Amino acid sequence: MKKVPRVVILGAGYGGLVTAIRLQKKLRYNELDVTLVNKHSYHFITTHLHMPAAGTDHPDNARVPINNLLNQSKVKFVKSTVLQIKPEEKSVVLEDGIISYDYLVVGLGSEMETFGIPGLKEYAMAIRSINSVRLIRRQIESMFAKFQEEPHSGDYLTFVVGGAGFTGTEFVGELADRIPALCKEYGVERSSVRIYNVEAAPAALPPGFPADMAQYGMNVLRRKGVTYKLSTSIKEITRDGVLLSNDEFIQAGMVVWSGGIRGNTLLEQAGFDTTRGRVKVDEYLRSLQYPDVYITGDCSAVLNGEGKPYPASAQIAVQQGFNVAANLINDVRSRPLRSFEYDDKGTVASLGKGEAVGVIKQWKVTGKFAVLMKKVIDMRYLFIIGGLPLVLQKAVFKKKAGHQGRRTGEFMQQH
Ligand code: FAD
Ligand code: NAD
């Protein structure tokens, strides 16, 4: 009997999950034996994590059970943590066993880039996963509780966010929105709370973002109560706060680091040739060293016309997922592989309630229209992974209930 080639997909993030969903949709009976491995039983919608981190939305609204998205007769799901990739042996070591493959798809996402800053790993929190945002939300609340207990004994209500790229910007917008409700709940004056966004570059948002749009974003956030420290970098983080490049020390209750990311270290450890943890891929998204290994999302580096990697984003990861699935099918059907062409549709950054800023193709968008565009982008993604039912559950019937946020639909509670 003909052996069915085995595809193992590592990571159910944007790249890995879309690869799995597309294979599920397009494969014929017994063409490929597909297994998706992920640390959790749910997919998290990373692009929403700044909201539950600040506490303006419930964490459950940013996740979807993987079993609700997969047809297990077509794609098997294994909930496990990947410990090691062995490309020479065509196998992967999981926490509870070893899995071998004919084709591997790596979509294990990113880790925070620390740049060797002392104290960062020990004292800063980062928006990385459902559990990390639960911790951030609880820490914010505990700072309010501590301030109420000991109002004169520390700068509990000074919040420092390191890095004003898209993640830092979206998070400070939500945090600023959350503060009035917390002040009311804990009986604290708004003037007791400070939010600093420290950015090494002269402006918030990435260098390629139009200067007038970056200015718009900063103006909105300043009006919401954010103080920028621009052209200033964090050089050390301690238990009590942050030391800046101008030697100023900001005493702070908590520090959230959004100063950059790198690809998952498992790839480096496996011997893949990486730059900042990202693997350079060929035109079909395969590793240059191991053509049976496809790399998607934040783990991959696809070069633009100027020879620089495109910024990591959900947008590129989703497009890669479509391409990888198509190429796995092309390969098994002995058809030529399809080159990956990134179609950059633009970016919209949320600035908290009712405000956003972005560039879609060549159009600059701000305010309510930008918020609408962001919703449309979200809905399109939900439609790709879960069809209309998921769009209705997550995007249309979603209600925010104050600072707690309300859950949409049912979700099992065991995670
Ligand atoms: P991820 O989506 O991070 O998924 C990786 C998966 O691998 C996860 O499910 C994880 O649990 C799993 N995993 C990791 N390690 C292991 C292991 N050892 N074993 C098993 N499983 C493992 N991009 C946009 O384009 N638009 C946006 O609006 C946007 N907003 C963002 C907002 C925030 C707050 C953040 C932090 C990022 C945002 N991004 C946005 C960037 C985008 O989310 C990432 O580029 C995207 O998630 C990358 O997808 P991925 O598939 O590479 O990895
Ligand atoms: P980033 O690398 O884009 O931004 C990090 C920022 O931190 C930079 O502006 C950098 O100058 C600053 N920084 C670095 N070291 C510093 C220091 N010591 N002190 C002060 N500032 C410092 O990282 P990110 O914002 O986490 O984004 C990661 C990826 O995810 C990016 O590719 C981004 O495009 C994508 N993303 C997209 C969206 C969106 O499309 N709405 C939202 C979030 C993230």
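This is a predicted model: local features need pLDDT of at least 70, side-chain atom pairs count only at pLDDT 80 or more; totals for chains, interfaces and linings use all residues.
Residues are numbered from 1 along each chain as its sequence is written, ligands are numbered from 1 in the order in which they are written, and side-chain values use heavy atoms, with hydrogens and water left out.

**View 1. The surroundings of ligand 1.** Ligand 1 is surrounded by 31 residues (those with a heavy atom within 4 Å of it), and the closest are Gly-15, Asn-38, Val-82, Asp-298 and Lys-374. The side chain of Asp-298 has an N or O atom 2.8 Å from an oxygen atom of ligand 1, and a backbone N or O atom of Gln-315 lies 3.1 Å from an oxygen atom of this ligand. The protein buries 87% of the 1,000 Å² that ligand 1 exposes when taken alone, an area found by the Shrake-Rupley method with a 1.4 Å probe. Helix H8 (314–332) is among the elements that give two or more residues to this shell, and H8 gives the most, with 3 residues.

**View 2. The surroundings of ligand 2.** Around ligand 2 there are 23 residues, of which Thr-167, Glu-199, Ile-234, Ala-312 and Val-348 are the closest. A polar side-chain atom of Glu-199 lies 2.6 Å from an oxygen atom of the ligand, whereas Val-348 places a backbone N or O atom 3.0 Å from a nitrogen atom of ligand 2. The protein covers 76% of the 840 Å² of accessible area that ligand 2 has on its own. Helix H5 (166–186) and strand E24 (346–350) each give two or more residues to the shell, and the largest share, 3 residues, comes from H5.

**View 3. Glu-113 in its loop.** Glu-113 lies in the loop between strand E10 (110–112) and helix H3 (120–123). This residue is buried, with a relative accessible area of 11%, where buried means under 20% with a 1.4 Å probe and protein chains only. Its side chain makes a polar contact (a pair of N or O atoms within 3.5 Å, one able to donate a hydrogen and the other to accept it) with the side chain of Arg-276, at 2.9 Å.

**View 4. Helix H4 and its buried residues.** Helix H4 (residues 130–149) has 20 residues and reaches 29 Å from its first C-alpha to its last, close to the 28 Å expected at 1.5 Å a residue. The buried residues of H4 include Ile-130, Val-133, Ile-136, Arg-137, Ile-140 and Phe-144. An α-helix has 3.6 residues a turn, so residues three or four places apart point the same way.

Methods: Helices (H or I, at least four residues) and strands (E, at least two) are DSSP runs, numbered from the N terminus. The expected span of a helix is 1.5 Å times one less than its number of residues. Buried means under 20% relative accessible area, exposed over 50%, partly exposed in between (1.4 Å probe, protein chains only).
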